[in-house]
Amino acid sequence: MQTMRRTSTGMRAALTALTLGMGAAAPALVTLMAPSPAVAQQFPAFRQALAEGVAENRELAAFYRENGYQAIWTGAEDAARRTALVSALSRAAEHGLPEARYDLPGLIAAFEAVETERDRGLLEARASMTFLQYARDIHSGVLEPQALIPDIVRVLPRPDPTELMRDFTSGEPVSFIRNLAPSSPEYARLYRARQELVQTIAEGGWGPQVQAGSLRPGDRGEAVIQLRNRLIAQGFLPRIATASYDSLMQQAVQEFQESVGIDADGIAGSATIRAINVDPQERLRAITVALERERWLNIPRGDRHIWVNLTDFVARIVDFDQVTFETRAVVGSRSNQTPEFSDEMEYMEINPDWTLPRSIIGEYWGALSSGGANHLQFVDGAGRVVPREYVNVAAYTPQTLPFEVRQPPGPGNALGEIKFMFPNQYAIYLHDTPSRSLFAQDTRAFSHGCIRLQDPREFAYALLAPQEADPVTYYHAIQRTGRQTRVPLIDHVPVHLVYRTAYTSVTGRMQYRADVYGRDATLYNALVNAGVEVGA
């Protein structure tokens with residue numbers, strides 16, 4: 001009975017110390033007067049309560065059976081783990097995580113309220129479940145995205161709970177918990193940007209909005225001052241007192257336009273005014289969603305990989321975190337959205353044919369039925385071309401037609417002269433196109449889902465460079481034959497199709513893009529429903 005009183009008193013003292021000074025770091029805990037593992041064998045109430053507390057969590061139950069139901073949070077020697085967990089939970093909101101989900105005040109209160117070994121056993125279970133929830137959320141995301149948006153078909157890298165507990169108890173607690181978050185430079189940059197924006201909002205934001213339909217070099221007046229002040233507040237201008245739209249302001253406007261995906265002409269037209277007037281709270285929401293999305297990609301991305309941001313309409317080749325090639329892209333339209341997933345590019349096909357998906361054949365059905373669309377062929381199951389005059393198209397529908405519809409290789413082929421294949425169940429790939437005009441648009445969501453490249457030849461040269469001494473000559477020797485030719489990539493290249501309305505440039509400056517498919521609005525609402533407080 002005397003030992004039990006010492007345990008309760010020690011816990012209260014520990015948690016009293018714990019609740020003080022929750023600033024930059026949680027304070028070290030005082031020694032907790034709890035029984036050692038050997039002595040704990042004399043307290044079956046602890047073991048029984050712990051077993052009950054983790055019974056519905058198979059992995060956690062397995063861990064505690066494996067360690068003989070020894071405490072990892074509530075023992076006298078567990079102060080470092082408690083401190084590390086409390087410190088992490090106190091900063092959860094900074095990562096855009098649902099702080100209330102972990103109920104840190106309730107956890108602290110539970111430590112202070114321990115009276116019996118049964119209380120301690122239940123508290124041990126609670127602490128472990130809180131740790132696992134936090135670890136899962138910060139490692140690979142709060143949400144299950146495909147349940148919200150079917151076109152997000154990404155497999156999340158969820159950690160195994162039993163392995164997580166084993167590794168945690170054998171490691172240094174602070175560094176282990178810190179390393180649960182993505183280690184990518186982008187996550188660190190987004191985290192810093194979020195903290196800075198939270199501070200900006202707390203200090204009043206970016207000032208008055210620009211009250212003008214448009215402004216251009218040479219203009220003067222109150223609206224120009226408002227524009228100047230917004231540019232200063234957002235980091236595009238040094239602190240200057242000019243009231244005229246001079247060359248310095250023009251350059252700042254260009255830099256701002258580049259950061260939001262607007263043609264950088266240095267003229268503050270209506271689109272630029274709308275973008276500069278966006279509230280910082282809206283930008284904070286975008287960064288919060290971007291952090292969640294970055295957690296979904298907490299995987300090795302490949303020393304060399306292909307990165308296609310659907311909102312930015314650009315395909316990039318990245319080598320050791322440096323963009324070594326980029327080209328404009330056209331992505332799926334709002335009615336034919338490109339899905340988000342990761343795969344590996346295995347080969348490219350020079351002079352490809354195009355087999356029309358069933359979903360697209362209907363667009364050509366009228367022409368096929370009337371004897372038109374002569375650039376298309378009917379192909380039977382054996383791969384033989386069937387003469388058009390032998391097919392009574394009127395007897396079928398696009399779904400029942402017993403042939404494939406194919407466009408052979410050639411200058412007018414819808415896939416152009418090359419396609420880049422990462423075989424997947426969604427039939428998505430990158431390719432050339434004979435339709436060049438769409439690349440001049442700022443918003444390039446026009447395809448049936450595949451990704452068209454403005455500079456496919458140069459893209460191919462870059463991919464071939466590691467395996468061909470002269471990739472340009474090699475490519476054109478094949479292309480000139482006109483024959484459909486598959487060229488394997490000796491080293492497969494990971495491909496990541498992502499959707500980021502907030503991300504950073506190579507210089508670390510925040511970039512923002514429109515939510516072209518409306519996906520981030522859905523994700524933001526789901527995060528709020530999960531308990532994320534934007535602005536915290």
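User: How many salt bridges does the structure hold?

Analyst: This is a predicted model. The structure holds 27 salt bridges.

User: What makes Arg-293 and Asp-520 a salt bridge?

Analyst: Their side chains meet at 2.9 Å, N to O. The cut-off is 4 Å between a side-chain nitrogen of Lys or Arg and a carboxyl oxygen of Asp or Glu, so the pair qualifies. Arg-293 sits in helix α16 (residues 280-296) and Asp-520 in helix α21 (residues 519-530), so the bridge ties together parts 227 residues apart in sequence.

User: Why are Arg-293 and Asp-520 called buried?

Analyst: Buried means under 20% relative accessible area. Arg-293 has 3%, so Arg-293 counts as buried. Asp-520 has 6%, so Asp-520 is buried too.

User: What makes Glu-294 and Arg-500 a salt bridge?

Analyst: The N to O distance between their side chains is 2.6 Å. That is within 4 Å, so the label holds. Glu-294 lies in helix α16, and Arg-500 in the loop between β13 (485-498) and β14 (502-504), so this pair ties together parts 206 residues apart in sequence. Both Glu-294 and Arg-500 are buried.

User: And what makes Arg-316 and Glu-326 a salt bridge?

Analyst: Their side chains meet at 3.2 Å, N to O. The limit is 4 Å, so this pair counts. Arg-316 is in strand β2 (residues 314-319) and Glu-326 in strand β3 (residues 322-332), so the bridge ties together parts 10 residues apart in sequence.

User: Why is Trp-307 called buried?

Analyst: Trp-307 has 15% relative accessibility, under the 20% limit, so the label is buried. The residue is in strand β1 (residues 304-309).

User: What makes helix α19 mostly covered?

Analyst: Seven of the nine residues in α19 (residues 456-464) are buried. Among them are Pro-456, Phe-459, Tyr-461 and Leu-464.

User: Which residues have the most contacts inside the largest nonpolar core?

Analyst: Tyr-64, Phe-131, Tyr-134, Leu-227, Leu-231 and Ile-287, in a core of 85 residues. Helix α8 (residues 117-140) gives the most to this core, with eight residues. A second, separate core of 58 residues includes Ile-306, Ala-445, Leu-497 and Tyr-499.

User: What lines the second largest pocket?

Analyst: The lining has 36 residues, with Trp-354, Pro-357, Ile-360, Tyr-429 and Cys-450 nearest the centre. The elements that give two or more residues to this lining are β4 (341-350), β5 (354-355), α17 (358-361) and β9 (418-421). The lining divides into 18 nonpolar, 12 polar and six charged residues. The space in this pocket is about 730 Å³.

Key: Residues are numbered from 1 along each chain as its sequence is written. This is a predicted model: local features need pLDDT of at least 70, side-chain atom pairs count only at pLDDT 80 or more; totals for chains, interfaces and linings use all residues. Side-chain values use heavy atoms; hydrogens and water are left out. On a 1 Å grid over the protein atoms alone, a cavity is a set of points where a 1.4 Å probe fits but cannot get out, and a pocket is an open set with protein on both sides within 12 Å along at least five of seven lines; lining residues have an atom within 4 Å of a point. Grid points are joined across faces, edges and corners, and a volume is the space filled by probe spheres set on the points. Helices (H or I, at least four residues) and strands (E, at least two) are DSSP runs, numbered from the N terminus. Ala, Val, Leu, Ile, Met, Phe, Trp, Tyr, Cys and Pro count as nonpolar, Asp, Glu, Lys and Arg as charged, and the others, Gly among them, as polar. A nonpolar core is a set of buried Ala, Val, Leu, Ile, Met, Phe, Trp, Tyr and Cys residues joined through side-chain atoms within 4.5 Å. Buried means under 20% relative accessible area, exposed over 50%, partly exposed in between (1.4 Å probe, protein chains only).
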